[in-house]
Amino acid sequence: MLNRRAGVRDRCLACGFRYERSDDNYFMGAMFFNFMIGATLFMVALFSIIAFSGPDIPWDMLGYVIPILLGVCMVILYPFSKVVWLGVDVMMRPVTADELYVPTPVVARVDETSGQVI
Ligand SMILES: [Zn+2]
């Protein structure tokens with residue numbers, strides 16, 4: 001589903017399933033999962049730092065570093081959020097045959113006199 005640039009492909013390479021199942025901002029649902037993943041990371045990072053930093057909790061550092069890391073993580077994880085969103089959506093609304101694209105074979109005609117492909 002993801003390509004090398006961590007972007008989401010348009011279709012499945014095997015079956016032709018179009019990942020963006022509707023035209024009305026389909027991947028807005030991925031924003032929800034991106035936020036949930038980001039909030040979970042934020043909570044884990046915050047409680048880990050508090051737990052391991054002893055009595056001297058670096059509150060000033062936390063105020064700067066955690067939001068920056070959270071923003072970077074959410075940008076990096078956004079393609080994966082799309083995968084999670086699509087997985088949940090497919091569980092809720094199974095894929096129908098209409099959504100699968102069956103490519104038609106390319107037919108080339110050869111001019112018999114010149115031997116060139118038309
Ligand atoms: Zn497929």
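## Helix packing and core of a predicted model

The largest nonpolar core consists of 5 residues, namely F27, A30, F33, W85 and L86. A nonpolar core is here a set of buried Ala, Val, Leu, Ile, Met, Phe, Trp, Tyr and Cys residues joined through C-beta atoms within 7 Å. A residue counts as buried if 20 or more other C-beta atoms lie within 10 Å of its own, as exposed if 12 or fewer do, and as partly exposed in between, with C-beta atoms placed from the backbone. Helices α1 and α2 each supply at least two residues of this core. Helices are DSSP runs (H or I, at least four residues), numbered from the N terminus. In soluble globular proteins, nonpolar side chains tend to be buried together.

The model is predicted, and local features need pLDDT of at least 70, side-chain atom pairs count only at pLDDT 80 or more, and totals for chains, interfaces and linings use all residues. Residues are numbered from 1 along each chain as its sequence is written.

Two packed helices are described by the angle between their axes and the distance between the axes. Helix α1 spans residues 28-52 and helix α2 spans residues 59-92; their axes come within 6 Å and cross at roughly 140 degrees. Axes are lines fitted to C-alpha atoms, for helices over the stretch in contact, and angles run from 0 to 180 degrees between N-to-C directions. The two helices are therefore oblique to each other. By convention, angles under 35 degrees count as roughly parallel, over 145 as roughly antiparallel, 65 to 115 as roughly perpendicular and the rest as oblique.

The contact draws on residues of α1 including F33, I37, L41 and I49, and on residues of α2 including L70, C73, L77 and W85. Its residues divide into 17 nonpolar, 4 polar and 2 charged. In this division Ala, Val, Leu, Ile, Met, Phe, Trp, Tyr, Cys and Pro count as nonpolar, Asp, Glu, Lys and Arg as charged, and the others, Gly among them, as polar.

D23 is exposed with 6, and N25 with 9. The table lists C-alpha separations for these residues.

| Pair | Apart in sequence | C-alpha to C-alpha |
|---|---|---|
| G7 and K82 | 75 residues | 9.6 Å |
| D23 and A51 | 28 residues | 45 Å |
| N25 and C73 | 48 residues | 22 Å |
| M36 and Y19 | 17 residues | 21 Å |

G7 also touches L2 and P79, again not counting residues up to four places away in sequence. In N25, phi is near 50 degrees, a positive value in a residue other than glycine. Most residues other than glycine have a negative phi.

Terms used
Contact = placed C-beta atoms within 7 Å.
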